Amino acid sequence: MDKIIGLGNALVDVLATLNDDSILTEMELPKGSMQLIDNAKLQVINQHFSRMKTHLATGGSTGNAILGLACLGARTGFIGKVGDDEYGSFYRENLIKNGIDEKLLICDLPSGVASTFISPDGERTFGTYLGAASTLKAEDLTPAMFQGYTYFLVEGYLVQDHDMILRAIELAKQAGLQICIDLASYNIVENDLEFFTMLVRDYVDIVFANEEEARAFTGKDAAEALKQIGQMCSIAIVKVGARGSHILKGQDDIMVSALPVSRVVDTTGAGDYFAAGFLYGLTCGYSLEKCGKIGSMLSANVIQVVGTTLPQHKWNEIKLNINTL
């Protein structure tokens, strides 16, 4: 089985389920978006969280995907940066517990935290304090980090540091890895469209985007966006929520249905787990359609729990279902 290394913001998710969306307005957080916040705003959010029931989980887009891959049995690694604190230890221990080759660096800043607000309809909104995660620099990365892997997964959230993300992708390319990128959040794409376009056109082999991100990237609806992205890379995937996902490779245009769920609890990690399932299928040599079906299976399961942690019995069930596809 091929191995996958991921690079991302090593964040601890602190999740709270809302009765209504008024706090999003108060905090000036557009519903469904990811907004970077400073320490002062984090403290205000923490005051709200202190009066609410919260749930703790390791997070970050790539971190979620790598965790999903590891739980399926894939051989994985993760590169990130944390603080020398309780959250940093929590993150490292979770990687080790799940058999992920941890390549975590340490800095003096506090570990990054993604304050995650779950609306009554399951939509999630992030106020993200990057902290230590934001100090990962180009000079921290070495060729040895990428040796022995086949795929490199990187999240679009990292484009705040052009030099670092380019260094990572170039080192991965030099090591012969295929480059996979999840475009992240529509507002991130809009704010750095020229750089995203260059990355996909010149470096990336596999692109994951949801409908809003695809529109931000191309200015077109899902079907037309898929075609445009597909002309720039080897495999393009555009996820369209409850309608499923579109996969394009060359002339192969595949539609995979989403699995029905009785109740959406929290959409946190839905796209990340789709990427995990899809990439797991690739490491096993499955068809694109089966890869997409595995992605849909993981997405359907993770949106029925708060956060991105599924119990072991659920992973066992998923593996059995994969074998019957």
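These are my notebook entries on a few features that I looked up in this structure.

**Ground rules.** I am working with a predicted model, in which local features need pLDDT of at least 70 and side-chain atom pairs count only at pLDDT 80 or more, while totals for chains, interfaces and linings use all residues. Residues are numbered from 1 along each chain as its sequence is written, and side-chain values use heavy atoms, with hydrogens and water left out.

**Cysteines.** I looked for disulfides, taken as pairs of cysteine sulfur atoms within 2.5 Å, and the count came to zero. For Cys180, which is in no disulfide, I found the nearest cysteine sulfur to be that of Cys233, 10 Å away. I list Cys180 as buried (under 20% relative accessible area, with exposed over 50% and partly exposed in between, for a 1.4 Å probe and protein chains only), because its relative accessibility is 0%. Cys291 is likewise in no disulfide, and its nearest cysteine sulfur, that of Cys284, lies 8.2 Å away. Cys291 also counts as buried, since its relative accessibility is 0%.

**Thr125.** I placed Thr125 in strand E8, residues 124–129, where strands (E, at least two residues) and helices (H or I, at least four) are DSSP runs numbered from the N terminus. Thr125 has a relative accessible area of 0% and is therefore buried. A polar atom of the Thr125 side chain lies 2.9 Å from the backbone nitrogen of Gly32. With neighbours within four places in sequence set aside, I found Thr125 in contact (heavy atoms within 4.5 Å) with residues including Leu29, Pro30, Lys31, Gly32 and Ser33, and also Ser115, Thr116 and Phe117.

**Helices H3 and H12.** I then took the axes, which are lines fitted to C-alpha atoms over the stretch in contact, with angles from 0 to 180 degrees between N-to-C directions. Those of H3 (residues 61–72) and H12 (residues 312–324) come within 10 Å and cross at roughly 75°, so I recorded the two helices as roughly perpendicular, a label for angles of 65 to 115 degrees. Gly68, Cys71 and Leu72 of H3 make the contact with Trp315, Ile318, Lys319 and Ile322 of H12. By class, I noted five nonpolar residues, one polar and one charged, where Ala, Val, Leu, Ile, Met, Phe, Trp, Tyr, Cys and Pro are nonpolar, Asp, Glu, Lys and Arg charged, and the others, Gly among them, polar.

Notes
A polar contact is a pair of N or O atoms within 3.5 Å; within protein, one must be able to donate a hydrogen and the other to accept it, and residues adjacent in sequence count only if both atoms are side-chain atoms. Angles under 35 degrees count as roughly parallel, over 145 as roughly antiparallel, 65 to 115 as roughly perpendicular and the rest as oblique.
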